[in-house]
Amino acid sequence: MDNIIEVLNLTHTYGADTPFEHTAIEDMSFEIKQGEILGLIGHTGSGKSTLIQHLNGLLKPDSGMVKFCGRDIWDDKQFTREVRFSVGLVFQYPEYQLFEETVERDIAFGPTNMKLSEDEIRERVLYAARSVGLDDSILLKSPFELSGGQKRRVALAGVIAMKPKVLILDEPTAGLDPEGREEILNYIKNYNKETGATIVFVTHSMEDIARVVDRIVVLEKSKILMTGTPKEVFSRTEDLIRAGLTIPVAAEIAGKLAKKGIPVSPAIYTIEQLADAISTLYAGGGKNA
Amino acid sequence: MILKTENLEYSYTEGKPTLKGLNIEIPEGQYVAILGHNGSGKSTLLKHFNAILLPTGGKVYVSGMDTSNEELLFEIRTRCGMVFQNPDNQIVATITEEDVAFGPENLGVPNPELRARVDEALKTVGMYEFRSHAPHMLSGGQKQRIAIAGIIAMRPSCIALDEPTAMLDPIGRRDVLDTIAKLNREENITVLLITHHMEEALFADRVIVMDEGTVALDGTPCEIFAQVEKMESLGLTVPNTVKLMHTLQSRGLPADLNAVTTDKAADFIARILEDKIG
């Protein structure tokens with residue numbers, strides 16, 4: 001798989017040469033592969049938000065480099081602009097950024113800035129709205145008449161309408177009710193499957209990440225603590241807890257069972273996997289199975 | 001009963017009631033979690049308990065005081081304090097201890113006592129060492145604990161919290177929940193907690209599930225979460241421990257839907273596997 005984004009020795013310091021100097025990212029290197037869903041986790045203050053703003057050129061590195069499709073995103077002005085359209089960033093609580101009179105115009109804001117034709121814009125708005133499960137009948141409503149979950153999806157559609165090659169979502173499920181969370185996770189998975197777009201999913205929710213992502217990057221104190229598949233990452237329970245993170249409930253129970261001498265794999269992280277392991281042991285006659 | 005509603009109705013728009021005749025009684029010192037999907041009426045209900053909203057039908061009583069009696073408003077609001085979702089919307093001062101002092105100062109608490117109340121409240125939420133910090137430099141969880149300190153410095157008998165952990169990271173969330181549990185246990189403060197995280201309701205004595213402006217379910221966390229299908233039909237879910245037990249049950253294995261903590265679940269599973277070989 002090709003790397004769509006490469007982060008090379010990236011460093012970012014806020015308030016350099018002031019008493020508030022703080023290095024948010026320190027000599028960080030990793031890659032994002034074309035078409036994957038990458039989970040980015042880390043405790044508050046670990047550098048997640050600073051990092052994602054580097055991935056589409058909202059911040060400029062103090063040192064190091066971010067490459068998009070093999071080219072430094074700050075190479076020239078025109079390319080930086082292209083990257084900003086190619087890497088779509090959905091901030092936390094994006095519904096607070098809705099501002100247009102109708103849902104349609106709000107979703108159309110991005111594509112309009114891309115100077116696309118009227119027809120193309122219209123087509124993209126419909127496509128984006130449908131891809132997050134918004135009915136066409138909602139398009140003429142004011143975004144402010146909608147429920148919280150619907151507003152969140154309008155904000156998401158606004159970025160999808162730009163057809164970004166990489167979609168970065170910062171805490172897309174925060175504050176939603178269980179059904180709303182489930183819906184958003186499904187739309188993200190489907191969008192990835194249907195378009196092949198790369199997704200970067202920033203979250204505190206280990207349960208969400210366990211179910212959705214292909215690979216995880218864990219940040220701790222401005223650096224990368226570990227990268228790997230969910231299986232690899234969640235088997236390092238103690239390191240995660242030390243980094244101020246929680247682990248999925250299934251991984252926690254599996255760990256407690258292992259401590260009691262029951263042979264369950266440390267690589268378990270979903271309820272289904274755990275239920276499978278227990279069923280197998282139960283059918284095979286307990287712990288000597 | 002510290003809180004009581006009698007046929008409580010509330011409509012934001014006439015003819016479209018958000019609350020449809022609620023009869024709820026909450027005894028002093030109870031820890032109540034309120035669940036329900038978006039738009040089920042949870043927040044509307046909560047806002048009645050300190051008279052931010054007044055019933056459009058029926059009555060709400062706080063410590064026996066009718067919330068629609070304007071003369072009692074001040075007294076009612078000191079009895080029942082509220083904490084909201086977004087920590088940044090609740091901080092009014094530039095120094096932590098001044099922020100905590102804001103409420104009691106407005107109640108006219110004189111100075112030696114004011115100082116004592118603020119210090120005590122900050123110690124209770126574990127934020128005393130940050131008393132002279134600027135609140136905007138604190139983390140979300142710390143800010144929420146400051147907001148809670150501001151409420152308890154007014155010595156309420158009841159705290160109503162509307163999704164206080166929604167914007168917090170796992171550690172901030174845990175610290176806030178621990179603080180709430182401590183207030184309930186040690187100070188006997190009645191707690192009403194709205195949350196979208198089912199795991200958080202496990203700390204409560206009682207769970208009320210709202211749906212379309214009515215009470216759909218009311219019981220202990222174990223009683224409520226054992227009803228997996230019912231909860232799903234209400235647009236909710238159950239804690240992962242219960243989900244595990246439910247999955248085991250559906251596969252014909254023994255299951256204990258009351259094993260709601262990870263420790264209890266692990267103990268139970270170890271036991272059934274050991275029985276199998278023993």
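## A hairpin in chain B

In strand β10(B), T214(B) is the bridge partner of D211(B), where strands (E, at least two residues) and helices (H or I, at least four residues) are DSSP runs numbered from the N terminus. The model is a predicted one, in which local features need pLDDT of at least 70 and side-chain atom pairs count only at pLDDT 80 or more, whereas totals for chains, interfaces and linings use all residues. Residues are numbered from 1 along each chain as its sequence is written, and chains are lettered from A, and ligands numbered from 1, in the order in which they are written.

The bridge between D211(B) and T214(B) belongs to the pairing of β9 (residues 206-211) with β10 (residues 214-219) of chain B, two strands that run antiparallel and are joined by five bridges; strands are taken to pair if DSSP finds at least two bridges between them. Together β9(B) and β10(B) form a hairpin with two residues between them. E212(B), which lies in the loop between these strands, has a phi near 45°, a positive value in a residue other than glycine. E212(B) counts as partly exposed because 15 other C-beta atoms lie within 10 Å; on this scale a residue is buried with 20 or more other C-beta atoms within 10 Å of its own, exposed with 12 or fewer, and partly exposed in between, the C-beta atoms being placed from the backbone.

## Open sheets in both chains

Strands of a sheet pair through backbone hydrogen bonds, either parallel or antiparallel.

Two bridges link β4 (residues 57-62) of chain B to β5(B) in the antiparallel sense, and the bridge partner of V62(B) in β5(B) is M65(B).

## Dimensions and domains of chain A

Chain A contains 11 helices and 10 strands, and its C-alpha atoms fill a box of roughly 70 × 50 × 40 Å along the principal axes. Of the 289 residues of chain A, 46% count as buried. Among contacts in chain A with a separation of 6 or more, 64% come from residues 24 or more positions apart, a contact being two residues whose C-beta atoms, placed from the backbone, lie within 7 Å.

The division of chain A is into domain 1 (1-90 + 164-233), domain 2 (102-158) and domain 3 (248-289), with bounds that come from an automatic or database domain assignment. The C-alpha centres of domain 2 and domain 3 of chain A lie 45 Å apart.

## Local features

In helix α10 (residues 249-259) of chain A, the buried residues include V249(A), I253(A) and L257(A), and just after this helix G261(A) takes a positive phi of about 85°. K163(A), in the loop between α5 (148-160) and β7 (166-170) of chain A, has a positive phi near 45° although it is a residue other than glycine.

In chain B, V109(B) is found in the loop between α3 (96-106) and α4 (111-124), and V109(B) counts as partly exposed because it has 19 C-beta neighbours inside 10 Å. Leaving aside residues up to four places away in sequence, V109(B) touches P104(B), L114(B) and R117(B).

## The contact between the chains

The contact takes 34 residues from chain B and 36 residues from chain A. On the side of chain B that touches chain A, the elements giving two or more residues are α6 (170-187), α9 (240-250) and α10 (262-277) of chain B, and α10(B) provides the largest share, 11 residues.
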